[in-house]
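This report walks through selected features of one protein model. Please look over the sequence and the structure before reading on.

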Amino acid sequence: MPRKGMRSICFSPRTPSFASPSRGPPARSPLSGPAAAEADKVIEAAALLIMKWNPDTSTYARVTSLFYESKREAAQFITCVNNLQKSMHALASANSAADERLVHAQFLMEIAMKRLQKEFYQILSLNRAHLDPESVSARSSRASARSSISEYSDDGNDEACAARDSIAEVEEASTAAMSDLRSIAECMIASGYGKECVSIYNIIRKSIVDEGIYRLGVERLSTSQVTKMDWDVLEMKVKNWLGAVKIAIRSLFTGERILCDHVFASSDSIRESCFAEISRDGAMILFGFPESVVRSKRSPEEKMFRLLDMYLAISESWPDIESIFAFVSTSTVRSQTLTSLARLSESAHSMLSDFEAAVQKDSRKSSPPVAGGGVHTLTVRTMNYLTLLADYGSIVGDIFADWPGPAKSSMPESCLDTAPESDDAPAISLRLTWLILVLLCKLDGKAKRYKDVATAYLFLANNLQHVVSKVRASNLQDLLGEEWVAKHESKVKQYTGNYERLAWSQVFASLPESSPAAGASPAQAQAQERFRRFNTSFEEAYRKQSESVVPDTNLREEILASVGGRLVQAYREFYEAHRHAIGEERSVGLFVRYAPEDLENYLSELFYGTGGDVGSTSSTSSSTSSNRHHSWSR
């Protein structure tokens, strides 16, 4: 039964092509023969059923839905109207325009069309839940789910049975409504009332699409709105759009296209114009949103990845968009989508150039060097940015495929010896290689601000190690290549070697190059002087290096293995060869401050930036620090 208070639709009566019909039975035509008899039979049969459902003359017909009341009688009604239309054509082709049969048939046809318009509206209105785009687009999925659930029906699973029955009920209602709409549409179009049918369909279905876009949280934004909007608010809208675009394509527009194609299957031109009218405005808002976001003025680090997310969402959905909006009348939707992709790509180009310029211009002359030669914030920020960029994989490659190479003239000559040379590499690989080179060149300049050269080399080693580690652990390795990684890992070793030589050379120099010959014993004064010299050089070096920082665990272990392994071994030999030459036990405690195990413990505390001096320990006791075992100690 129709809803109470359902709004009425004003149906404009068609202007009849014939004289005003008589309300009484038509007079018999002088025409005779089988054709006239058949026409009489069809008109009389049609009159009985059509007048029964005339809402102007029957209260029952006014408050009752034909298609809800009886599917069988609804099918008969459609058949009667189709037969009536054929008879009207037959009478008209026989030059019987003045035949009262034709006049009466036209009168019946207008009543029938008014009935069908009412039924069409009711089915569309009362089946919004069953004809929502998601239900329509998921009909095949529901069928699959019902088939899957039926496999368990013999197990007595009540929940599975209930779910199967629910799926079947929804699918049955959706299928029935779509079938009824199609039969009415075909009948009205064949009878010359397609315009009235399309008007009702467009009004109702367009409101559903527009409401769907609104409920998904997508809105048209003007340039002034975007520029005034806080980034947090705009970013939230972007994240919402990313979810909305998938739902809109998968359910909203796909469902509407399926429904439109089904209802108006009899006319390609009508189904095309209907779908275009229904979907165009919503689609233009949806696919025009990224172009609005591009206009916002934000830093490259804030905005880049949200734009790439939108580019990825559209590019992944493009085959579906192209298929759904394949009509000529929906070409504006495809054009808007491609325009948004182009604007996103252009903006990504611009932002990456801006980011490169920001790295090159980073000076921060007022800020002191990083304490202990640690990793600079510029390194962290740049590599975080580039690793996130590389995570977008082929999309980044597509966006920057035609990007011109970097201008090497903008770099100091000292940096150009490691500039990328291969023209065969993808444009994005060359650009990212160049960006990292720009960063490393800036770090070279920052290293020169350290007064201690050893710390400068440690700074370079730490920062390059951070770069290489980030490359190794991300898609950057695929873009830059194994050769690039190996080359820069070698550079890290070169920096650490320079650091070790400058920071610890005096300590190594304080130890004799060779032990005394067998049977020989160094003089007491000589032994005391050598221990005193080692103590001084070690304590001085330790005091300086206790401020040093090596955040990377692997690099820290490598430096300790190199410095500690060689130093402890050399000191152990020196200690065993010279300790007994010191003299009495009291002298040993005065000159021999460290046992080899003490060195191991002290060195193990380095590179955390804790600072401090070496404390005195007994030559015969271990350090107060807990004993630690290292791969570099014996």
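## Selected local features

F607 counts as buried, because its relative accessibility is 2%. The model is a predicted one. F607 sits in the segment after helix 24 (596–604). Its backbone has a positive phi of about 70°, although F607 is not a glycine. Most residues other than glycine have a negative phi.

Another buried position is G372, which has a relative accessibility of 14%. G372 belongs to the loop between helix 14 and helix 15 (377–390). Not counting residues up to four places away in sequence, G372 touches T455, L458, E547, S548 and V549. The C-alpha atoms of G372 and T610 are separated by 9.7 Å, while the two residues are 238 residues apart along the chain.

**Aromatic pairs**

A pair of aromatic rings is described by the distance of the centres and the angle of the planes. The count of aromatic pairs in the model comes to 23. The table gives two of these pairs.

| Pair | Distance of ring centres | Angle of planes | Class |
|---|---|---|---|
| F253 and F325 | 5.2 Å | 70° | edge-to-face |
| Y571 and F574 | 6.1 Å | 45° | tilted |

F253 lies in helix 11 (residues 231–263) and F325 in the loop between helix 13 and helix 14 (331–361), so this pair ties together parts that are 72 residues apart in sequence. Both partners are buried: F253 has a relative accessible area of 0%, and F325 has a relative accessibility of 1%.

Y571 and F574 are both in helix 22 (residues 553–578); being three residues apart there, they are separated by about one helical turn. An α-helix has 3.6 residues a turn, so residues three or four places apart point the same way. Y571 and F574 are both buried. They are also members of one aromatic cluster, formed by F531, F534, F538, Y542, Y571, F574, Y575, Y594 and Y602.

Helix 21 (residues 524–545) has 22 residues. From its first C-alpha to its last it reaches 31 Å, close to the 32 Å expected at 1.5 Å a residue.

Helix 5 (residues 100–126) has 27 residues and should span 39 Å at 1.5 Å a residue; its end C-alpha atoms are 39 Å apart, which agrees. Of those 27 residues, 23 are buried, so helix 5 is largely enclosed by the rest of the structure.

Which side chain of opposite charge is nearest to K303? It is D354, at 8.5 Å. K303 is buried yet has no salt bridge; a salt bridge would need a side-chain nitrogen of the lysine within 4 Å of a carboxyl oxygen. K303 lies in helix 13 (residues 300–324). Leaving aside its neighbours within four places in sequence, K303 is in contact with W231, V293, V294, R295, S296, R298, S347 and M351.

R257 lies over the face of an aromatic ring, that of F275. The distance from R257 to the ring centre is 5.8 Å.

Terms used. Residues are numbered from 1 along each chain as its sequence is written. This is a predicted model: local features need pLDDT of at least 70, side-chain atom pairs count only at pLDDT 80 or more; totals for chains, interfaces and linings use all residues. Side-chain values use heavy atoms; hydrogens and water are left out. Helices (H or I, at least four residues) and strands (E, at least two) are DSSP runs, numbered from the N terminus. The expected span of a helix is 1.5 Å times one less than its number of residues. Buried means under 20% relative accessible area, exposed over 50%, partly exposed in between (1.4 Å probe, protein chains only). Lys and Arg count as positive and Asp and Glu as negative; His and the chain ends are not counted. Contact means heavy atoms within 4.5 Å. Rings of Phe, Tyr and Trp (its six-membered ring) pair if their centres lie within 6.5 Å; planes under 30 degrees apart count as stacked, over 60 as edge-to-face and the rest as tilted. A charge sits over a ring if NZ of Lys or CZ of Arg is within 6 Å of the ring centre and within 35 degrees of the ring normal.
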